[in-house]
Amino acid sequence: MKKLFTAVLLFALPILASAQIENPVKWDFTAKKIDASTYELHMTATIDSKWHLYAQEAGEGPVPTTFKLTKNPLVVPVGKIREVGKLHKAFDKNFDSELKYYENQVNFVQKVTVKGKAATKVKGSVEFMVCDDHQCLPPKEVEFAISVGGK
């Protein structure tokens, strides 16, 4: 019985290991206070080596990085989300298009104004797609909540 269990385990381990979902992007969501009522939301993507994350205006083909902020009566977005990182532009034969993307790390920054003095959260989600030289992973959505306001 022990030998049978060991044999089954040895055959099952490679299958279980290959079934792990690849997740080459780690997200970090923080707020930086600018003044009494203004904050910068920092949505930072750290990308594993050999992978790239598409910009908000990626080009024709891949799913661009897109943020959706949940309406909050205490929070007003100011302007558009800007990208801080080294933007790469290259022609991709798979998509037959020039694409814009980031490697290693990119910081998406959204300025917001908070009404009143109460603490609140900016909630939302980010949808993104990553590729390497051989494959693209299906688009993924990650939800977030960033605390702003209060003391």
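Predicted model: local features only at pLDDT ≥ 70, side-chain atom pairs only at ≥ 80, totals over all residues.
**Ground rules.** Residues are numbered from 1 along each chain as its sequence is written, and side-chain values use heavy atoms, with hydrogens and water left out. Local features need pLDDT of at least 70 and side-chain atom pairs count only at pLDDT 80 or more, while totals for chains, interfaces and linings use all residues.

**Entry 1, disulfide.** I searched the whole structure for disulfides (cysteine sulfur atoms within 2.5 Å). The search gave 1. Cys131 and Cys136 form the link, with sulfur atoms 1.9 Å apart. I read 105 degrees about the S-S bond, and the link of Cys131 and Cys136 is right-handed.

I then looked up accessibility, where buried is under 20% relative accessible area, exposed over 50%, and partly exposed in between (1.4 Å probe, protein chains only). Cys131 counts as buried because its relative accessibility is 2%. Cys136 has 36%, so it counts as partly exposed.

I took a pocket as an open set of points on a 1 Å grid over the protein atoms alone, where a 1.4 Å probe fits, with protein on both sides within 12 Å along at least five of seven lines; lining residues have an atom within 4 Å of a point. Volume is the space filled by probe spheres set on the points, which are joined across faces, edges and corners.

The largest pocket comes to about 300 Å³. Its lining has 19 residues, and His52, Asp92, Asn94, Asp132 and Asp133 lie nearest the centre. I sorted the lining by type (Ala, Val, Leu, Ile, Met, Phe, Trp, Tyr, Cys and Pro nonpolar; Asp, Glu, Lys and Arg charged; the others, Gly among them, polar).

Next I checked strands (DSSP runs of E, at least two residues, numbered from the N terminus). Strands E3 (52-54), E6 (87-92) and E7 (97-102) each supply at least two lining residues. E6 has the largest share, with 3 residues.

**Entry 3, second largest pocket.** This one has a volume of about 160 Å³. I listed its lining as Ala55, Gln56, Glu57, Lys80, Ile81, Glu83, Leu87 and Lys100. By type, I got 3 nonpolar, 1 polar and 4 charged. Strand E5 (residues 75-84) gives the most, 3 residues.

I looked for aromatic pairs (rings of Phe, Tyr and Trp, its six-membered ring, with centres within 6.5 Å). The structure holds 7. Trp27, Phe29, Phe67, Phe108, Phe128 and Phe144 form one cluster.

Definitions and conventions
Phe/Tyr/Trp six-rings, centres within 6.5 Å; stacked < 30°, edge-to-face > 60°. Helix = DSSP H or I, 4+ residues; strand = E, 2+ residues; numbered from the N terminus.
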